[in-house]
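Subject: Structure for your files

Hello,

Here is the structure I said I would pass on.

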Amino acid sequence: MNNKRGSGPKGSKKGKASSLTDDAFFGNDPKRRRKKTKNEDFIESSDSEDFFSGSDEDGGANGNENEVEETVDETRKRLATELLEKMRKSAKEDDDDDEGGDSGKEIEEGERDSLVAQILQQKQLEESGRLRRSVASRLQKPEASDQFQVLVKHRQPVTAVVLSDDDLKGFSASKDGTILHWDVESGRGEKYRWPSDAVLKSHGAKDPQGRASKHSKLVFSLAVSSDGRYLASGGSDRHVHLWDTRTREHIQAFPGHRGPVSCLTFRQGTSELFSGSYDRTVKIWNAEDRAYISSLFGHQSEVLTIDCLRKERVLTVGRDRSMQLFKVPEESRLVFRAPASSLECCCFISNDEFLSGTDDGSVELWSLLRKKPAYIVKNAHALLASNKNLEQKECPRIPNGHIENGNHTSERFVSSSVYSWVSSVAVCRSSDLAASGAGNGSVRLWSIGSETKDIQPLYNLPVVGFVNSLAFAKSGEFLIAGVGQEPRLGRWGRIPTAHNGVAIHPLKLS
């Protein structure tokens, strides 16, 4: 600091004011910014920059003009301004088309801005799960030509399928350890290659435990981040593996679980990763920082499925016949128990509602305000007892065993079979359209009533094999299914006629 207390005349207030304004520290020069350093405790002053630049004052100023870096706040402001201008231009073009180009009837700028604000607000509510889109009522009945088409083939049963946030790319994994990255439009895929054991150790992997002599490549679960940058995989080697989707290279291995990693999910809009395991715990990781955060406890048996939206709330299902909602910031949890059945899968509908599937063939709707299901559809994937080929023909109305929907005799329908276990459920994001899959020969589409709190059947989509994973496109225009000859987590059933791979079914909306 060159400013000294005795630089101005004694008793002169003007002298003090001029010394503060002339000082570079108190001057508000937007061209000079604090440089980013690894240690934020050390800040380079503008005087030191001029001293080491070796040029005069004007030359340093010109150099700073060329080397000015955009701050984080300025980047956010610029992106927001560009988005607003784009939406304003789109709204103006729509107005011109509707009015036939008559400039005398153009909408005022204020009204157009309010319209843009409403669109942005609705978009934010939909993404946060507080507003539900009406998609089920717009869904048209599939035609005879609309069938599941094999998009990607695998040698072993597919265990997991996920879609990127833009619905353009997909990822799938199988029991032989193969991870494929494919294009939704063309089905063209590329394989992720596992690195050697030496590289895995350098990335953080621990030595195999127990009788295993090397790392198992069996993959049970996948998850992709919202920005599409990171892909996480988990399996029987008790590690969470992190991949770079741009280079398809392995970048990190997170040890810590004492059992196979059965499920994974990213929190929407963040790099926060949650993993569930057979060791009865849920662990939290940060993919960006490559760091372990904490562990969540509560399940008394293996954790099978996990899901998360934007809030720091994690929904899990375990073999202890319970579904648990962990509130991470509050360090609390809610426990929901299914009546006389074991839960197999779950997913969020909104922040306050969930969907689950059980091993007795039921699909259940849950509310945050009740510890028991708000609605149950029994025999959702019932299997005809006379059907020996394990393929079910299209049946628009399968009798429902719940008392609210009428009773039926169980002579013709079998729901205790492994082929009727509801192995996967999915919900089109921020909408009332849901799907469930089993091994009975069909994927069922459902409409979830937001006011009536019920589940109504829509259509059956025939498919042969165990539907181990389901994923809706964000737009609701297609459904992806991971199909295999065997269930995802075991070999207690087999359908030899099934094709191991990823199938896609188009959905037509009115």
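Predicted model: local features only at pLDDT ≥ 70, side-chain atom pairs only at ≥ 80, totals over all residues.

Residues are numbered from 1 along each chain as its sequence is written, and side-chain values use heavy atoms, with hydrogens and water left out.

Strands first. Helices (H or I, at least four residues) and strands (E, at least two) are DSSP runs numbered from the N terminus, and two strands pair if DSSP finds at least two bridges between them. An open antiparallel sheet is formed by four strands in the order β2-β3-β4-β5. Its edge strands, each pairing on one side only, are β2 (158–163) and β5 (189–191). On average, neighbouring strands of this sheet are turned by 20 degrees against each other, direction ignored (axes are lines fitted to C-alpha atoms, for helices over the stretch in contact, and angles run from 0 to 180 degrees between N-to-C directions). Three bridges pair β4 (residues 179–183) with β5 in the antiparallel sense; Leu180 has Lys191 of β5 as its bridge partner.

Further along, β8 and β9 (residues 249–254) run antiparallel and are joined by five bridges. Val240 is bridged to Phe254 in β9. The hairpin of these two strands has four residues between them, and Arg248 there takes a positive phi near 60 degrees.

His250 lies in β9 and is buried, at 8% relative accessible area (buried means under 20%, exposed over 50%, partly exposed in between; 1.4 Å probe, protein chains only). Its side chain makes polar contacts with those of His203 (2.9 Å) and His241 (2.9 Å). A polar contact is a pair of N or O atoms within 3.5 Å; within protein, one must be able to donate a hydrogen and the other to accept it, and residues adjacent in sequence count only if both atoms are side-chain atoms. The side chain of His241 also has a polar contact of 2.6 Å with the side chain of Asp237, a residue in the loop between β7 (230–235) and β8 (240–244).

Finally, the cysteines. The structure holds zero disulfides (pairs of cysteine sulfur atoms within 2.5 Å). For Cys347, the nearest cysteine sulfur is that of Cys346, 7.1 Å away. Cys347 is buried at 6% relative accessible area, and Cys428 is buried at 0%.

Regards
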